Amino acid sequence: MTTEANGDRTIGWIRRSRAGFAWIDGTDTALGEEAERYRITVTADGVVARTADVVSPTWTYPAAAFASDTAGTVVSLTIGVAQVSATVGVGLATTCTIDLSR
């Protein structure tokens with residue numbers, strides 16, 4: 001996660017393919033889906049605070065939303081990213097937890 005000058009946070013990830021793709025040439029993997037879609041879930045101290053759907057492997061967490069989600073006594077945020085497919089639906093999420101107590 002990168003904090004931008006305006007306070008927004010930018011989160012990015014490397015996409016993977018469900019198509020059994022072998023990464024031979026070192027370039028992007030084949031998508032293996034009809035469209036690139038992801039579901040972002042932000043959990044604040046175990047409670048879902050926000051969800052977003054995006055169509056590229058990056059998401060901007062607006063500064064105002066981040067401030068709202070971390071207000072009060074919130075000590076950690078967990079951000080989950082799951083691929084969304086027309087055939088599989090929402091897949092298993094990969095998560096990252098951010099400790100806000102420091």
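**Sheet and charges**

A: An open sheet of 3 strands runs in the order E1-E2-E5, with antiparallel pairing. Keep in mind that this is a predicted model.

Q: Which are the edge strands there?

A: E1 and E5, the latter spanning 58–61. Each of them pairs on one side only.

Q: How many bridges join E2 to E5?

A: 4 bridges, and the two strands run antiparallel.

Q: What is the bridge partner of Thr10 in E5?

A: Thr60.

Q: Zoom out. How many helices and strands in the chain?

A: The chain has 1 helix and 8 strands. From the N terminus the elements run β-β-β-β-β-α-β-β-β.

Q: What percentage of the residues count as buried?

A: 33% of the 102 residues in the chain.

Q: What about contacts across the sequence? How many join residues at least 24 apart?

A: 47%, counted among contacts between residues at least 6 apart in sequence.

Q: Now charges. How many salt bridges?

A: The count comes to 2 salt bridges. In one of them, the side chains of Arg39 and Asp53 meet at 2.4 Å, N to O.

Q: Where do Arg39 and Asp53 sit?

A: Arg39 is in strand E3, residues 38–44. Asp53 is in strand E4, residues 47–54. They are 14 residues apart, so the pair links distant parts of the chain.

Q: Is Asp53 buried or exposed?

A: Asp53 is exposed, with a relative accessible area of 53%. Arg39 counts as partly exposed, at 29% relative accessibility.

Q: Which residue forms a salt bridge with Asp69?

A: Arg50 does, with the closest N and O atoms 2.7 Å apart. Asp69 lies in helix H1, residues 63–69, and Arg50 in strand E4, so this pair ties together parts that are 19 residues apart in sequence.

Q: Is Asp69 buried or exposed?

A: Asp69 counts as buried, because its relative accessibility is 8% and the cut-off for buried is under 20%. Arg50 counts as partly exposed, at 27%.

Q: Switching to Asp8. Where is it found?

A: Asp8 is in the loop between strand E1 (2–3) and strand E2 (9–12).

Q: Which side chain of opposite charge is nearest to Asp8?

A: Arg9, 7.1 Å away. Asp8 is buried yet has no salt bridge. A salt bridge needs a side-chain nitrogen of Lys or Arg within 4 Å of a carboxyl oxygen of Asp or Glu.

Q: So what does Asp8 touch, again not counting residues up to four places away?

A: Thr2, Thr3, Thr60, Tyr61, Pro62 and Ala63.

Terms used
Residues are numbered from 1 along each chain as its sequence is written. This is a predicted model: local features need pLDDT of at least 70, side-chain atom pairs count only at pLDDT 80 or more; totals for chains, interfaces and linings use all residues. Side-chain values use heavy atoms; hydrogens and water are left out. Buried means under 20% relative accessible area, exposed over 50%, partly exposed in between (1.4 Å probe, protein chains only). Contact means heavy atoms within 4.5 Å. Lys and Arg count as positive and Asp and Glu as negative; His and the chain ends are not counted. Two strands pair if DSSP finds at least two bridges between them.
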